[in-house]
Amino acid sequence: MDSRVLISKPTFEHREDAFGIGHPRPRLSWRFLTPENAEPARDWTQAAYEIEVRHEERSSENSQRYLVASAHSVLVPWPGSSLCSGDAVSVRVRAYAAAEHEQSTPSTATPTEWSPWAQAECTFLSRSDWQAVPIATPCKYEAEQGDPLRPVRFRRSFVLPSDRRVVRARLYVTAHGVYEIYLNESRVGDHVLAPGWTSYHHRLGFQTFDVTSVLLQSNDANNRIAAEVGEGWYAGRMGIRGGRPFNYGTEVSLLAQLEMTLDNGERVVIATGEDWECSSSSIETSEIYNGEVCDLRCEQWDWKKSASDHIVEHDSGWIAVKTLPFPTARIFSTDHPPIRVTEEIWPTAIITSPSGKLILDFGQNLVGVPCIKHVPPSTKITLRHAEVLEDGELGVRPLRGAKCTDVIRTGERGVYNWTPKFTFHGFRFIQVDGWDHSPLCPGDIIAKVLHTDMQRRGWFKCSDPLVNRLHENIVWSMRGNFLSVPTDCPQRDERLGWTGDIQVFGPTANFLYNTVAILSNWLEDLDAEQMVNPSGIPGLVVPDVMGDFWTPTPQAVWHDAVILTPWNLYEASEDKEILRRQYPGMVRWLREAIRRGDDGLWDPDIWQLGDWVDPAAPPGEPGSGRTDGVLVADAYLVHVTFIMANICAVLDLAQEHEQYASEAALLRETFQHKYITPLGNLANYTQAAIALAVQFNLYSSLAQLETARKSLARLVKAAKFHVSTGFAGTPMILPALVTTAQTSLAYRMLMEKHCPSWLYPVTMGATTIWERWDALLPDGSLNPGQMLSFNHYAFGAVGNWLHSTVGGISSCDGWRTILVRPIPGGGLAFANVAFEGPYGRVECSWSVESGTFHLKLLVPANTIADITLPSRTAFPVNSVPQIVGSGSHIFSVPYEGETWPPAPAPASYSGIRGKICDCP
Ligand code: BGC
């Protein structure tokens, strides 16, 4: 037995839990763990693996073992026969180390211990599995004035044979809208706002639950299945400029199928259809932007209770449903985790505002819903949410047309633990109106944090508390904006899947959490929408609810997500299937959708969002920064064409690879000709332009790069180390300073505390990343601009630099090779990063003590680390990398850091456009 490593429970596709999986041949992955009290295995690589598959119900081939000579341990092909709907399997794995002696084969080598068994169960794999049809209320919808739809309740009772036992019961469910479903009063699952937001015209996700234990089977026991459906993203107001209702349809509906197997093998199906009844909910309205209004004065408290012990006192208001045709969209089992309550937060202060309002401060800007512990009888409480205070009052201006208000009203009966069901808010503060019955105490109203419950993967810490808070703010902004789809912001009347925002934030997000399933789902929507657009242009937001507000115009940086986001996911996961699936859309983007000038670069007459929210842009014109949007677009075009060549290489498309590579080289030359002088001066003399040119390798010689280096240094010093970049330049500026061997300037920018800078918001008490560098002005007042979100992850793209350069780890091949490149600086005494990756845990910790750099590195089995230790290098950086295998490694090298802090600009500078603070 090889006891040097333990194999984790295998996982199926990108699922964290494989119950209800929708893949007939799920790929399998396992991680390598270190046995307790043992040293991490040294140089351990896998030569073969053995998978045992146990079919829970197929006795003929109950258990099969498959021995495969392969080093792969991530997303390996399904070894057995394809699974069918409802098939349940258990899978375990063991691995064989590559032998020290080349002759030995898996059969002569000793395997590891078997992994624990992992269970998977296939859900409906085919449309024909559905007997259910969607049901809706026959009452006319209230859409005349675009009013929100009142949530609808659906239910059905049924009796099970009392002489038979139900051995298995599964509930398959989805909705046009957002649903909560109950069986005999028990809430099924802990999903919030299910089934989540997809491009419903094309794709509709469903969920599968095991409900065997909640069925009632005694004599005459009447079971009741009941559900409530709100308008959600399906029919609710969504979009820009206030949005519009009914983006996908004008009525909500429920699609559910309960399948039970009795102990004699008989199958009983209860499916939504005409034998269901419906009624309107006690929730009057529940909208994503505006919040929820719930009136319990006429509540029918037992509407979901099983009928046998239910005294039929009040069943009026229930009418027969109408049935609707089965959705034409592709119906699929959702792979990414659901939205869940992931944390509960108590207020840190209760404030009385200058006008006498009661305001709760949660001390953290978050996304979620409030929960009121007890609303007494005959009470009306109104909760208004906001991210900031303005002059001591609730600051609602940034919310624009979103009311973000919940109202709960009780009648004769009070209610405990009331929380709105079909909305969410981005807030730190709640104004409480109508709380007259007792003094308000902190536990009376708490906040429930909501987001897609992805697994946390990456952690970062260093010796500077402000940088640590910046990192924490990035994590909070990611949590708040990964709610079913990756959004720009979670609070105002927008909350959309802006392509540009996730394009720039993707690499940071992929390190912090396991994003593969949620982003890959989002990319499928992007693709579905792009493919039906005759112009080949994807949505600027996905799912696309722009309506008539936007005449589809191709946009660099944003639409480049078509290529860059799948590429970044591939780098994080090594999943070629994502690239294969998205490839036709990438080709359409490059070949048909981009509008080009005669030179093959972008048509310069198209307006580009460009370096959006450059701090120098006027508050009302975030696109009018100092860097030319066309140059930004052209730089991106060269880059994405090179990435496309890489993608073709990964997909073994040799001819296409050649073609894109030579096209990219030609575009690069055209770019050089158009923008770069022979001496290396770039036509646009800005931090963003030069940083992009450096990072996208657009200079033709080291001499030109040297000019770029000096230009960047001058610009950074002239700006007194303030950030001078927007969406496009921000992820690039610090890496560009490192590429040009000016680490101390990069650190100096990172450490700057005056506005605009990364740490300025931290010094102003920010707990999330802001949309604008100066969302809050130094005097504490709100920026006068219209776009004023305090929870926007885009500028948190600096996280990628913190992880890869300060912390020192990154990967381009799904963490099979760990690139270790820590670059100390900024006076930091230490930095630690940890990453629970596809192969196992990676840790990298460094410290600098009296002229020596110490590095401690943990490399998981079956991977290698490619290490470049820091030294005071000349330009260009040319230290020799060193490769090590798995295990725990320690290095110490003499280290003389760059001069810290770096010298400021030689002469005093008269002030930059957009400079707001008075720092010296
Ligand atoms: C969003 C941004 C987005 C931008 C592009 C804004 O309203 O909040 O994050 O990328 O529009 O136009």
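Predicted model: local features only at pLDDT ≥ 70, side-chain atom pairs only at ≥ 80, totals over all residues.

**Exercise 1. Work out how covered strand β15 is, and find which strands pair with β15.**

Step 1. Strand β15 takes in residues 203-210, and seven of its eight residues are buried. Buried here means under 20% relative accessible area, with exposed over 50% and partly exposed in between (1.4 Å probe, protein chains only). Strands are DSSP runs of E with at least two residues, helices are runs of H or I with at least four, and both are numbered from the N terminus.

Step 2. Residues are numbered from 1 along each chain as its sequence is written, and side-chain values use heavy atoms, with hydrogens and water left out.

Step 3. Now the pairing, which requires that DSSP finds at least two bridges between two strands. Strand β12 (residues 166-176) pairs with β15 in the antiparallel sense over four bridges. In that pairing V173 sits opposite Q207 of β15.

Step 4. Strand β24 (residues 330-333) also pairs with β15, in the parallel sense and over four bridges. There, L204 has I331 of β24 as its bridge partner.

**Exercise 2. List what surrounds the ligand, then check its polar partners.**

Step 1. The surrounding residues are D488, R492, E494, W498, D501, W558, L609, W612, F727, E771, M787 and H792.

Step 2. Go through the oxygen atoms of the ligand. One is 2.7 Å from a side-chain N or O atom of R492. A polar side-chain atom of W558 is 2.9 Å from a ligand oxygen, and for E771 that kind of distance is 3.4 Å.

Step 3. Finish with the area: the ligand taken alone exposes 310 Å², and the protein buries 93% of that. The areas come from the Shrake-Rupley method with a 1.4 Å probe; for residues, only the protein chains shown count as cover.

**Exercise 3. Is F721 buried or exposed, and what about S850?**

Step 1. Look at the backbone. F721 has a positive phi of about 70° although it is not a glycine, and S850 has one of about 30°, also without being a glycine.

Step 2. F721 is in the loop between α10 (702-718) and α11 (730-739), while S850 is in the loop between β41 (841-849) and β42 (852-859).

Step 3. F721 counts as buried because its relative accessibility is 5%. S850 is at 78%, so S850 is exposed.

**Exercise 4. Describe the surroundings of T725.**

Step 1. T725 lies in the loop between α10 and α11. With a relative accessible area of 0%, T725 is buried.

Step 2. The side chains of T725 and T730 make a polar contact of 2.9 Å. A polar contact is a pair of N or O atoms within 3.5 Å; within protein, one must be able to donate a hydrogen and the other to accept it, and residues adjacent in sequence count only if both atoms are side-chain atoms.

Step 3. Leaving out residues up to four places away in sequence, T725 touches, among others, D611, Q687, W773 and F795. Contact means heavy atoms within 4.5 Å.

Note on methods. Near = heavy atom within 4 Å.
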